[in-house]
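User: Hi! I'm new to this structure and would like to learn how to read it. Could you walk me through it?

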Amino acid sequence: MATWIVVYFCVWKGVKTTGKVVYFTATFPYIILIILLVRGVTLPGALQGIIYYLQPDWSKLGEAQVWIDAGTQIFFSYAIGLGALTALGSYNQFNNDCYKDAFILALVNSGTSFFAGFVVFSILGFMAQERGVDISEVAESGPGLAFIAYPKAVTLMPFPQVWAALFFIMLLLLGLGSQFVGVEGFVTGILDLMPSKYYFRYQREVTVAICIGLSFIIDLTMVTQGRTVSWTTSRAWWDISPSP
């Protein structure tokens, strides 16, 4: 609930307010990533982790699951089909160079994912050396990497509370940034479709409140037993499955 309240007061006045907040939520995680990378590469075993990250296994290209995971990542990271990019792009000037923006978005998005891999696998390499096992045994995929493997690795580092706090602050800010975009895109579409004759004072504020209230109710299903993983998997399959 606290997160949704923060989101409400960040987007209720429009894209100008949201843009100011995003300057912080989008740039601060990069600072944390750099700090974690500097710390990670100084740990013993970091080189082995980075080599494991960069060394390709070409046989995986023959597995359908690899392509499914890649497609899922692209769909989610670029918010394809969600309408958020279209809604936010509608605030640009008419003569804005959208091709340049799309090119920059692709470079920054994929570049960030590639850079974050060095941060994660340098510390996973340290974790593997501490346990005396191969890194493939500690490198998990999906939610397990962020919420199980990485936190375990952090506990093995000096001053684990500091690194754990930085890591989860970064996750929190990334999650808030995604929520800003999702809510803004949804609300923009609703307000654009609403006829002008139905305009009333505080229209946007009320619309954002209703949207966030419904989202909070839907989110309650995520705290029930067994719902988190099943919902994530179902959503991924829905996004990449062909339309009838």
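This is a predicted model: local features need pLDDT of at least 70, side-chain atom pairs count only at pLDDT 80 or more; totals for chains, interfaces and linings use all residues.

User: What share of the 244 residues is buried?

Analyst: Buried residues account for 29% of the 244 in the protein chain. The exposed surface comes to about 15900 Å², and carbon and sulfur atoms supply 69% of that area.

User: And how do I see which parts of the sequence meet each other?

Analyst: Look at the contacts between residues at least 6 apart in sequence: in this chain, 75% of them join residues at least 24 apart.

User: Where in the protein chain is confidence lowest, and where is it highest?

Analyst: Let's take the whole chain before its parts. The mean pLDDT is 78, with 86% of residues reaching 70 or more. Among the elements, helix α10 (residues 227–240) is lowest with a mean of 50, while helix α3 (residues 46–54) is highest at 89. Over residues 235–244 the pLDDT stays under 50, and the model has 11 contacts beyond four places in sequence for that stretch.

User: Now the packing. How should I describe two helices that pack together?

Analyst: The general idea is that two packed helices are described by the angle between their axes and the distance between the axes. Take helix α2 (residues 15–41) and helix α8 (residues 160–193): they pack at an angle of about 150°, with axes 9 Å apart. Angles over 145 degrees count as roughly antiparallel, and therefore α2 and α8 are roughly antiparallel to each other. Their crossing is left-handed.

User: At what angle do α3 and helix α6 pack?

Analyst: α3 and helix α6 (residues 98–131) pack at about 130°, and their axes are 6 Å apart. That makes α3 oblique to α6. The α3 side of the contact includes Ala-46, Tyr-52 and Tyr-53, and the α6 side includes Phe-114, Gly-117 and Phe-121. The crossing of α3 past α6 is right-handed.

User: Which residues make the contact between α8 and α9?

Analyst: First, the geometry: α8 and helix α9 (residues 203–219) pack at an angle of about 125°, with their axes 10 Å apart. This makes α8 oblique to α9. From α8, the contact involves Val-183, Glu-184, Phe-186, Val-187, Ile-190 and Leu-191; from α9, Gln-203, Arg-204, Thr-207, Val-208, Cys-211 and Ile-212. α8 passes α9 in a right-handed crossing.

User: Can we zoom in on single residues? Is Leu-43 buried or exposed?

Analyst: Leu-43 lies in the loop between α2 and α3. Leu-43 is buried, because its relative accessible area is 7% and the cut-off for buried is under 20%. Beyond its neighbours within four places in sequence, Leu-43 is in contact with Ile-123, Phe-126 and Met-157. The C-alpha atoms of Leu-43 and Gln-129 are separated by 10.0 Å, though the two are 86 residues apart along the chain.

User: What does Gln-179 contact, leaving aside its neighbours within four places in sequence?

Analyst: Gln-179 is in contact with Thr-3, Trp-4 and Val-7. Gln-179 is placed in helix α8, and with a relative accessible area of 18% it is buried too.

Note on methods:
Residues are numbered from 1 along each chain as its sequence is written. Side-chain values use heavy atoms; hydrogens and water are left out. Buried means under 20% relative accessible area, exposed over 50%, partly exposed in between (1.4 Å probe, protein chains only). Contact means heavy atoms within 4.5 Å. Accessible areas come from the Shrake-Rupley method with a 1.4 Å probe; for residues, only the protein chains shown count as cover. pLDDT is the predictor's confidence in each residue, from 0 to 100. Helices (H or I, at least four residues) and strands (E, at least two) are DSSP runs, numbered from the N terminus. Axes are lines fitted to C-alpha atoms, for helices over the stretch in contact, and angles run from 0 to 180 degrees between N-to-C directions. Angles under 35 degrees count as roughly parallel, over 145 as roughly antiparallel, 65 to 115 as roughly perpendicular and the rest as oblique. A crossing is left-handed if the near helix is turned anticlockwise from the far one by less than a right angle, and right-handed if clockwise.
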